[in-house]
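Below are some notes on the model, for use alongside the coordinates.

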Amino acid sequence: MSDPVEDKKPVLSLRGLTTVFKTDLGAVKAVDSLDLDLPTGATLGIVGESGCGKSTVGLSIMKLIPEPPGRIASGEIIFEGEDLTKLSNRQMRSIRGKKISIIFQEPMTSLNPVLRIGETLSEVIRTHQRVSRKLAWEKSIDALDKVRIPSPHIRINDYPHEMSGGMRQRVMIALAICCEPSLIIADEPTTALDVTIQAQILSLLRGIKQALGTSIILITHNLGVIAENTEKVAVMYAGRLVEYADTAALFDSPLHPYTQGLVLTVPRLGARKEKQSRLNVIPGLVPNLLNLGPGCHFADRCTCVMDRCRRLKPDVHICDEKHLVRCWRYA
């Protein structure tokens, strides 16, 4: 039986995406030749350690990389058949918020502290839709209601500091969905929230996806969040994609040594007590992006390293139908 997600044309395709930042010590490739597809209506998880390039991917798609010091050096960002890298800033402003929205991980720094919530929402709606102030206000109340903020007609007059962290994150989601975009990028949407609120936010995103048919990129370091909320997973390490697969396939049979290490670090219920006292860890440290060797970036931490791993960059290999892995073991 065919996979309905796979049968759909990708809403987003990244081809050779490379994003570079200039520093006093040299240029850093935060994202290095990334190829990635997001099927229409699917949720794609991007996972990896801090500094692996996850958030830079999201900012690159939105063309929000600060220039200088950063820039999209090469590659294509094909969204609904159009290459975003060729669009001007003015053209991108008509897409941001309307067709592609982003939910940042720090709502307190993303919301204007001197504007009421309703003013912020109304401004986004009126930027992309030709509606009156009154109708924009009504649409803002409706957006708050969709994200389950109680008494939205009252809370719409609040300032950001008058809301809890969970409520502010709901406002960020309301901002993201108020124009019903085709794609939402959620960058660590549950950071600094307690477990109960995290579950509510993720449930909210799932409901919005089902109601609006929106595609979602979920950027996180939390494998539990990935397992429960995505259909596809991309694993990144030091700016490179090292594995891409269906979520179930990746957790059942991780192929790349880095992915295997990540999966083993997750605590498991039912494990023997003597094994619970110490979690598995990946040895070594993330490499310095200014001083990367010619081969695999994970070579110095890999327990399966071979001589050519240190000398040559591994290609992406297709294993088990659409399970992709960048490792010499599968050449």
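1. Asp83 is buried, at a relative accessible area of 12% (buried means under 20% relative accessible area, exposed over 50%, partly exposed in between, with a 1.4 Å probe and protein chains only). The residue lies in strand E5; helices (H or I, at least four residues) and strands (E, at least two) are DSSP runs, numbered from the N terminus.

2. On provenance: this is a predicted model, in which local features need pLDDT of at least 70 and side-chain atom pairs count only at pLDDT 80 or more, while totals for chains, interfaces and linings use all residues. Residues are numbered from 1 along each chain as its sequence is written, and side-chain values use heavy atoms, with hydrogens and water left out.

3. Leaving aside residues up to four places away in sequence, Asp83 touches Glu76, Ile77 and Ile78 (contact means heavy atoms within 4.5 Å). Asp83 is also the bridge partner of Ile78 in E5. Strands E4 (residues 70–79) and E5 run antiparallel and are joined by two bridges; two strands pair if DSSP finds at least two bridges between them.

4. The sheet is open and has four strands in the order E2-E1-E4-E5, with antiparallel pairing. Strands E2 (26–39) and E5 (82–83) are at the edges with a single partner strand each, so one side of each has no neighbour in the sheet.

5. Helix H2 (residues 54–62) lies across strands E1 (10–23), E2 and E4, and runs at about 110 degrees to E1. Axes are lines fitted to C-alpha atoms, for helices over the stretch in contact, and angles run from 0 to 180 degrees between N-to-C directions.

6. How many salt bridges does the structure hold? There are eleven, a salt bridge being a side-chain nitrogen of Lys or Arg within 4 Å of a carboxyl oxygen of Asp or Glu. Asp142, Lys146 and Glu180 are linked in a network of such bridges.

7. Arg301 is in the loop between helix H13 (273–276) and helix H14 (307–311), and Glu49 is in the loop between strand E3 (43–47) and H2, so the pair ties together parts 252 residues apart in sequence. Arg301 is buried at 8% relative accessible area, whereas Glu49 is partly exposed at 24%.

8. Lys209 and Glu231 form another salt bridge, the closest N and O atoms being 2.8 Å apart. The two residues are 22 residues apart, with Lys209 in helix H9 (residues 195–212) and Glu231 in the loop between helix H10 (223–229) and strand E9 (232–237). Lys209 counts as buried at 15% relative accessibility, and Glu231 as partly exposed at 29%.

9. Arg310 forms a salt bridge with Asp300, again with closest N and O atoms 2.8 Å apart. Arg310 is in helix H14 and Asp300 is in the loop between H13 and H14, ten residues apart. Arg310 is partly exposed at 42% relative accessibility, and Asp300 is exposed at 69%.
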